[in-house]
Amino acid sequence: MKKGIPASKGYAIGRIVIKEESGLKIENTYVSNVSEEKARFERALILSKKQLEKIKTKTKHQLGKGKAEVFESHIMLLEDIEFAGAIELKIEKEHINAEKAVYDIVNLYMETFKLMKDEYIRERAMDIKDVGDRILSNLTGNITSLGNLSSNTVIAAHDLTPSDTVQLDKNKVIAFITDLGGKTSHSVIMAKAFQIPAVVGMKDITSYVKNGDLVIVDGVEGIVMVNPGKELVEKYKIKIEEYGIEKEKLKSIINLKTVTKSGKQIKLLGNIERCEDVEQVIKNGGDGIGLFRTEFLYMDRDAMPQEDEQFEAYKYVLEKMKNKPVVIRTLDIGGDKKLSYFPMEEECNPFLGYRSIRISLDRKDIFKVQLRALLRASVFGNLKIMFPMISSVEEFLQAKEVLKECMEELALEKREFNKELKVGIMVEVPAAAINADEMAKYADFFSIGTNDLIQYTLAVDRVNEKVAYLYNPMHPAVLSLIKTTIEAAHKNKKLCSMCGEMASDENAIKYLVECGLDEFSMSPQSILKIKQFIKSYC
Ligand code: PEP
Ligand code: MG
């Protein structure tokens, strides 16, 4: 039995597929038979090309010619004589294995591309990495992408990025376990959206399991059992059944209001990452959407979604929620959320660096596309716009200024939008919480983002399992900042919500209710459980 951090609840019994991080274990071995090694490389090249042709055709059918073009460029690279030639020459001259030669040449190409002045060419560095990963996975037989999996797969990975997670085939993947990661990393947040168990921060699980191993994943206790005996499997089959029955039972309270013993009504809303998640919020009787993490619209694709596409996405969610509040947060990339087509420089402290609203204010071209789409969608429901990672009044006003610019443009174009639209901020930087009284004079509402607020307050990286024991939502400093924020909001007659994972943490709920938090926003799967908890214990 191996222990890790219980990150997404539930149980699963399935077979392991190890997702190798390309480049992670590339060995450098001496080969005496150079022509055999070159032939091995050739075979991997041909196989990669065949796979890409298939993906290209499928993409063309499903998403159109434009989207399929990226795979055409990947195929062209595979056909490029200079690229293949450089790898073969390296094998021949240095007597090294094909994996190492591919790895070195791909890195050399990437470095060269990254130095180009032309942004478009610079961004192609990621395409080269993609192609390199494919050849390497065909050489090693390990999986580096998450397509083409069999049913009942448990993914074991050193780490899973949010964009890896977004690609998971929900019908095939029933759980994931990782060496790295913390409870509030974004891949975990996605696991919750997919309603699959996840155990993270297992340190060395990828070297402990093999492809095809039978495992039981217990996302409640945070344990993984490898090649368990029959009895244990039977025990967990019963647990899976009971867990399902428990979930069914909760449905009986779906139409009841969430009222505390003293009669205060609490609103429970859902967090969503993709448009289709809205169904889960409705199914679980959510009072609205307290956080739409729009960056997930930008993932698992090869270019930024444009205004019309975004407009359709927001309109869909707003219409589905009828007139219930829908808080849509503007793009929040950086930190652990990367876009393959938007390369960002390596930084020493990515969570403190170029991320979130800082990118939006720096790249107004990208920001305005989203704001225009949001404004256009605002007439289809009860939209509220929220800016992430605001650390000062000035920063908030700058963001509002860009919004105003978009409003003026739309007015000139005679397009409709809601002029009274509420605009709020995420309180997730301690500076915003400490200065909440001042912030509340400008913002229409607050939503406390505890996932980041805790990491910044306690100086504990939220995705680093080595310091996970210090990531304590109930730390007095965190509780004090939360209280200050709620009080400041109320003093200024503003609404205060919470959309970090703490909003569904049973250890914290009582304190939050007592502080007067107005709204709790969480993974839709948690809504009924928390409703029951508040009705029984608060
Ligand atoms: C938060 O920081 O609490 C939050 C809700 O935002 P995210 O988890 O997307 O950073
Ligand atoms: Mg955050």
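A cavity is a set of points, on a 1 Å grid over the protein atoms alone, where a 1.4 Å probe fits but cannot get out. The model shown is predicted: local features need pLDDT of at least 70, side-chain atom pairs count only at pLDDT 80 or more, and totals for chains, interfaces and linings use all residues. Residues are numbered from 1 along each chain as its sequence is written, and side-chain values use heavy atoms, without hydrogens and water.

**View 1. Ligand 1 in the largest cavity.** With three residues, α18 gives the most.

**View 2. Polar contacts of ligand 1 (N or O pairs within 3.5 Å).** Oxygen atoms of ligand 1 lie 2.8 Å from a polar backbone atom of Asn451 and 2.8 Å from a polar side-chain atom of Arg462. For a polar side-chain atom of Lys337, the distance to a ligand oxygen is 3.2 Å.

**View 3. The second largest pocket, with about 1500 Å³ of space.** A pocket is an open set of points with protein on both sides within 12 Å along at least five of seven lines, and lining residues have an atom within 4 Å of a point. Among the 49 lining residues, Ser8, Lys9, Lys192, Tyr243 and Ser526 are closest to the centre. The largest share, six residues, comes from α10.

Note on methods:
Chains lettered and ligands numbered in written order. Polar contact = N/O pair within 3.5 Å; in protein donor to acceptor, adjacent residues only side chain to side chain. Sits in = over half its atoms within 2 Å of the grid points. Helix = DSSP H or I, 4+ residues; strand = E, 2+ residues; numbered from the N terminus. Points joined across faces, edges and corners; volume = space filled by probe spheres on them.
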